[in-house]
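Me: I have just opened a structure that is new to me, and I would like to learn how to read its features one by one. Could you take me through them slowly?

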Amino acid sequence: MAEIVYPPVIGALRTMFRVLDMRIDIVGAEHVPTTGGAVLVSNHISYLDFIFAGLAARPSGRLVRFMAKKEVFDNKISGPLMRGMHHIPVDRAEGAGAYVAALRALKAGEVVGVFAEATISRSFTIKEIKNGAVRMAAATNSPMIPVALWGTQRLWTKGRKRAIAQRHIPITIMVGEPMHPKRGEDMEAHTVELRRRMSEMVDKAQRGYAEIPEGVWWQPAHLGGSAPTPEEAEALDAAEREAREAKRD
């Protein structure tokens, strides 16, 4: 497919990273195949995660087609960019269409990006994850590659103001070894294993981060930060869902 939009966007972002002296550390990028379909599964802690998860595939010369909620495509500014980069819109009321589009992309040899937690984790730990990524990988015989991001939450996350102009922020992008789920295997067992690996990778990224101050909002509670615990985060998410449903009614 024609790539008119994606390369200039990447170029602009790389310029921004240099201007902000963003300290981006990519580990394990060799796990992303240089050809063929692959499912890239990342944790989700920031509204900017698709940018940094996509960087995991750049050393292999790949462009990632992310699955993102339809509302992003409806926006007057982000919509044309998302469509121009051939990302995949997800209508939560009709998810089957996005699933079929993702399968089609994988069969065509594309790398498809998935945030299996579906929403941003306020606790900065791995939430319960969906099995869609596992099913897509199995259905297309594609490798499934876990990715852990850390530091992106400091730029823009749920419940916090945007701070994307900060300088010298360390960003960790950790790419894990591929998993190879097959048709007929236990998809839930693979999903549990995927979550285990992602949790292990995120914890490693957190503990090896360049800055580990205690009490800061962007640090998880179990490492001495003031972020909500997973239980508190779930309560906040539930309240947000209720408010959204009440507004819709």
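Me: Is aspartate 21 buried, exposed or partly exposed?

Reply: In this reading, buried means under 20% relative accessible area, exposed means over 50%, and partly exposed lies in between, with a 1.4 Å probe and protein chains only. Aspartate 21 has a relative accessibility of 33%, so it counts as partly exposed. Its place is in the loop between helix H1 (6-19) and S1, where helices (H or I, at least four residues) and strands (E, at least two) are DSSP runs numbered from the N terminus.

Me: What should I know about the model before I go on?

Reply: This is a predicted model, in which local features need pLDDT of at least 70 and side-chain atom pairs count only at pLDDT 80 or more, while totals for chains, interfaces and linings use all residues. Residues are numbered from 1 along each chain as its sequence is written, and side-chain values use heavy atoms, with hydrogens and water left out.

Me: What is the phi of aspartate 21, and which residue just after H6 takes a positive phi?

Reply: Most residues other than glycine have a negative phi. Aspartate 21 has a phi near 50°, a positive value in a residue that is not glycine. Just after H6, asparagine 141 takes a positive phi of about 55°, although asparagine 141 is not a glycine either. Asparagine 141 lies in the loop between H6 and S6, and its relative accessible area of 53% makes it exposed.

Me: How many residues of helix H6 are buried, and what covers them?

Reply: An α-helix has 3.6 residues a turn, so residues three or four places apart point the same way. Helix H6 (residues 132-140) is mostly covered, with 7 of its 9 residues buried. These buried residues are Gly132, Ala133, Val134, Met136, Ala137, Ala138 and Thr140. Their cover includes strand S2 (38-42), strand S3 (64-69), helix H5 (95-107), strand S5 (111-115), strand S6 (144-150) and helix H7 (187-207).

Me: Which residues is proline 143 in contact with, leaving aside its neighbours within four places in sequence?

Reply: Contact means heavy atoms within 4.5 Å. With neighbours within four places in sequence left aside, proline 143 is in contact with Pro33, Gly37, Ala38, Val39, Pro178, Met179 and His180. Proline 143 has its place in the loop between H6 and S6, and at 15% relative accessibility it counts as buried. Although proline 143 and proline 178 are 35 residues apart along the chain, their C-alpha atoms are separated by 5.7 Å.

Me: Where does proline 178 lie, and what is it in contact with?

Reply: Proline 178 lies in the loop between strand S7 (170-175) and H7, and at 27% relative accessibility it counts as partly exposed. Leaving aside neighbours within four places in sequence, its contacts are His31, Pro143, Met144, Ile145 and Arg197.

Me: How far apart in space are isoleucine 26 and glycine 37?

Reply: Isoleucine 26 and glycine 37 are 21 Å apart in space, C-alpha to C-alpha, and 11 residues apart in sequence. Isoleucine 26 is found in strand S1 (residues 23-27), is partly exposed with a relative accessible area of 33%, and touches Leu55 and Ile173 when residues up to four places away in sequence are not counted.

Me: How many helices and strands does the protein have, and how compact is it?

Reply: The protein has 8 helices and 7 strands. Its radius of gyration is 18 Å, close to the 18 Å that the globule rule gives for 249 residues, so the protein is as compact as a globular protein of that length; the radius is taken over C-alpha atoms, and the rule is 2.2 Å times the number of residues to the power 0.38. Of the 249 residues, 46% count as buried. Among contacts between residues at least 6 apart in sequence, 73% join residues at least 24 apart.

Me: What does the UniProt record place at residues 38-152?

Reply: The unreviewed UniProt entry places the feature "domain: Phospholipid/glycerol acyltransferase" there, at residues 38-152; UniProt positions are given in the numbering used here, feature names are shortened, and annotations may be inferred rather than shown by experiment. In the model, the end C-alpha atoms of residues 38-152 lie 23 Å apart, and the span is 36% helix and 23% strand.
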